[in-house]
Amino acid sequence: MPFQLEFLWTDILIYLLLASTLAFTFYTLRHEHLRVPWRQVARRPMAMASLVVLAVYVVVGLMDSVHYRPLLEIRNQAERVYSNEVLSLLDKLTTTLRTRVEKTYSAPFAVQAYSKETVEYPDGRHAREYPRLTYGGAHLRNPQDRATDIARRTGFAALTGIGLWLVSVAGFLWWWRGSAESWNGAARRLWRGESQIPWRAIWVTIGVVIVLAANAASLSPLYHIFGTDQVGQDVFYKSLKSIRTGLVIGTLTTLVMLPFAAVFGIMAGYFRGWVDDVIQYTYTTLSSIPGVLLIAAAILSLQVYVGNHPESFHSATERADIRLLFLCLILGVTSWTSLCRLLRGETLKLREVDYIQAARALGSSHVSVMARHVLPNVMHIILITVVLDFSGLVLAEAVLSYVGVGVDPTMDSWGNMINSARLEMAREPVVWWSLASAFVFMFGLVLAANLFSDAVRDAFDPRLRK
Amino acid sequence: MIAYIIRRLLYAIPILIGVNLLTFALFFFVNSPDDMARVHLGGKRVTPEAIEKWKQDRGYDKPLLYNPAGAGAGKLTDTIFYRHSLRLFVLEFGRSDNGRNIGYDIRQRMWPSLAIALPIFIVGILAHITFAMLLAFFRGSYLDTAGVVLCVVMMSVSTLFYVIGGQYLVSMLLRLVPVSGYDVGVDAVKFLALPVLVGVVSGIGASTRLYRTLFLEEIGKDYVRTARAKGLSELRVLFRHVLKNAMIPILTGVVVVIPLLFTGSLIMESFFGIPGLGSYTIDAINSQDFAIVRAMVFLGSVLYILGLILTDITYTLVDPRVRLS
């Protein structure tokens, strides 16, 4: 094999999360009563448009979660030597972005460097001027052609994107149209938004995404569309890599804390007595420590551990990954308490309900009552918390990285990009593109997550149901 | 009432003991003092003597929990746990890893923290309630919809962007106020104006939306219909009846943070160069000063628990139905 698969800890957890999400989806699809609230979510145009955006982020994040080490050479026919560098599928797809490193900063779409350099001409003259970039716009013979070149390529990419979109819409119509319905009728129905599921909103969003992606695909190999950072790395590539970090923090944290919150919350409410006292004491203690400080304390301890045990980590990627996982764990510890409290309160109410009393009277064990009767009835609370927490966690990552207790400084994350932007904003002329890029990518994800979670909450919260 | 407060304060003791044990475990069991010394002295080529000296200077050379060499009560008191953790209960914070008196630093830095956190808190609440009232007044109209959309959009922007954007726009482009710094007395105003503005604006999205939901929940209730039936004007209904009743859930979220205002805001203070407890904590984190972080964790917990007690007391003041017992 020309490569060796590498499973980082967070990768494994992501696969686990993906598997459980798929299992949950299949389970939901087969049970009518679970499908009802989801159908309500599916009727909200805003929610479905957000879902499309979220799906794009998730696909990028998943591609960045398949890691491997490329083969360097084969020694003595049998022994294979693999690179120390861990790459992902996304890295492979964006090789042009990753390897085209400039010397230092350059503005978006620039063909010349950000700072002046002394250039020596063949005839021996020296001059201070902005040198051409090694890669950005290198295909242009004359820098003045840049505007026309970009316009031409944008137009071409947009047309390709629209063409692709039209083909997919046609494919969709073929599947969607009733057997007796004409193509025109189906298209009109789609255009007017006359459908239970807001297909119009979904397809408009997909169209926008396709056109943007086509533009990025056609322009980014030739220019640095979001500029380059201090060491000349493409900012667009860094933003793409940051997606995984954001998603991991937002989802794995929840995955980590969910079992604790569910088991302890339900146990506290169900058994009451000393079990309740112990669990309540535990979460009150944990929640009374200010979150940032607890995280800081824990990350500091981890830093000391990593610093004293360098032999346990083979590569920088692995070290950064452990830190990311640990951050998820500690964020989980600080955030499980509120869910636990909610679940305890709900279980306290549920345990007095007739069907639970009946289950007990019929001889069901405590474990089976909790798992089969209580848990499904508090599922909506868990679900609402999970989706509502997501955007908060993505935002928290940025703040924590800024404070210095977030992800590893070598890891691509929006927090680290913002952190470095602080100094860049003070430069003259202002280096604004790192910040802008982090803003755009982060805002897209968080806004989509917020809009989607609103719809989920409205659909699942019994208090809001009419 | 007083009996209740005393009981609540007594309940706080086991929780604080828990916090204390937890931080102790985190700082001394996960990493031994030797590890800390090595990190501080830097590198692998640290001599055992240097480590011993580092520990001795800071009093970390004692056993963790039990000292068999001590005499009498010294078996328990001549330990790291007693000297570095239990002392926190009487707010004796000891010395930081680079030798400064933490208690003195905290007392000094508390006031700049308060100077920025208190205005943000007060102006913030007033502004957010006003905006929420406005949206509730125009509920169902385009203004309301636009307002809610704006709230969601503003919620989706990280605080860091507000800070960096505000600094760039107001300080660097318009040159209205200095970028960062702090001064005592009247001069402080020009340094505090921007942080307060940024603090209030960054909170608008989430708070306004939450308060609007709370107001709308109250507006649907019977007593509001009665008030309208009596012929009260909409404004009177909103301010005299709805606001008063919606205050109860608002207070839950708000009163808790009052004591924590002392510890300041990590981000604001470090961005705007205000010498408060927030930047103190960040500096301690960056220089890996465990003693300061430990002290701040404990102080934060004490203040948080105080906030919870305050919340319960406020409940009785605003809601006559709640009787503390």
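**Close-up views of a predicted two-chain model**

**Figure 1. The contact between chain A and chain B.** In this contact, 38 residues come from chain A and 39 residues from chain B; two residues are taken to be in contact if their C-beta atoms, placed from the backbone, lie within 7 Å. The model is predicted: local features need pLDDT of at least 70 and side-chain atom pairs count only at pLDDT 80 or more, whereas totals for chains, interfaces and linings use all residues. Residues are numbered from 1 along each chain as its sequence is written, and chains are lettered from A and ligands numbered from 1 in the order in which they are written. On the side of chain A that touches chain B, at least two residues each are supplied by α10 (273-288), α11 (291-308), α14 (366-403), α15 (414-424) and α16 (433-460) of chain A. Helices (H or I, at least four residues) and strands (E, at least two) are DSSP runs, numbered from the N terminus. α11(A) gives the most to this side of chain A, with 12 residues. By class, the side of chain A that touches chain B holds 28 nonpolar, 9 polar and 1 charged residues. Here Ala, Val, Leu, Ile, Met, Phe, Trp, Tyr, Cys and Pro count as nonpolar, Asp, Glu, Lys and Arg as charged, and the others, Gly among them, as polar.

Figure 2. Chain A contains 16 helices and 6 strands, and its C-alpha atoms fill a box of roughly 100 × 70 × 55 Å along the principal axes. Of its 466 residues, 38% count as buried, a residue being buried if 20 or more other C-beta atoms lie within 10 Å of its own, exposed if 12 or fewer, and partly exposed in between, with C-beta atoms placed from the backbone. Among the contacts in chain A with a separation of 6 or more, 70% are between residues 24 or more positions apart. The chain is divided into domain 1 (3-100), domain 2 (143-219) and domain 3 (240-460), with bounds that come from an automatic or database domain assignment.

**Figure 3. Domain 1 against domain 3 in chain A.** The centres of domain 1 of chain A and domain 3 of chain A, taken over C-alpha atoms, are separated by 20 Å. Each domain is represented in the contact, with 26 residues from domain 1 of chain A and 26 residues from domain 3 of chain A. On the side of domain 1 that touches domain 3, the elements giving two or more residues are α1 (9-29), α2 (32-42) and α3 (45-63) of chain A. α3(A) gives the most to this side, with 10 residues. The side of domain 1 that touches domain 3 comprises 17 nonpolar, 7 polar and 2 charged residues.

**Figure 4. Strand pairing around β2(A).** Strands pair if DSSP finds at least two bridges between them. Strand β1 (residues 3-6) of chain A runs antiparallel to strand β2 (residues 67-75) of chain A and is joined to it by 4 bridges; within this pair, A:L5 has A:Y68 as its bridge partner. β2(A) is also joined by 2 bridges to strand β4 (residues 87-88) of chain A, again in antiparallel orientation, and A:Y68 stands opposite A:L87 in β4(A). With strand β3 (residues 79-82) of chain A, β2(A) pairs in the antiparallel sense over 4 bridges, and A:I74 stands opposite A:R80. The hairpin of β2(A) and β3(A) has 3 residues between the strands, and A:N76 in this hairpin takes a positive phi near 50 degrees.

**Figure 5. Packing of α6(B) and α9(B).** The axes of helix α6 (residues 102-137) of chain B and helix α9 (residues 188-219) of chain B come within 5 Å and cross at roughly 35 degrees. Axes are lines fitted to C-alpha atoms, for helices over the stretch in contact, and angles run from 0 to 180 degrees between N-to-C directions. The residues of this helix contact comprise 22 nonpolar, 6 polar and 1 charged.

**Figure 6. Two loop residues with positive phi.** Most residues other than glycine have a negative phi. A:F109 has a positive phi near 60 degrees and lies in the loop between α5 (95-99) and β5 (117-120) of chain A. A:F109 is partly exposed, with 19 other C-beta atoms within 10 Å. B:R175 has a positive phi near 55 degrees and is found in the loop between α8 (159-173) and α9 of chain B. B:R175 counts as exposed, with 9 C-beta neighbours inside 10 Å.
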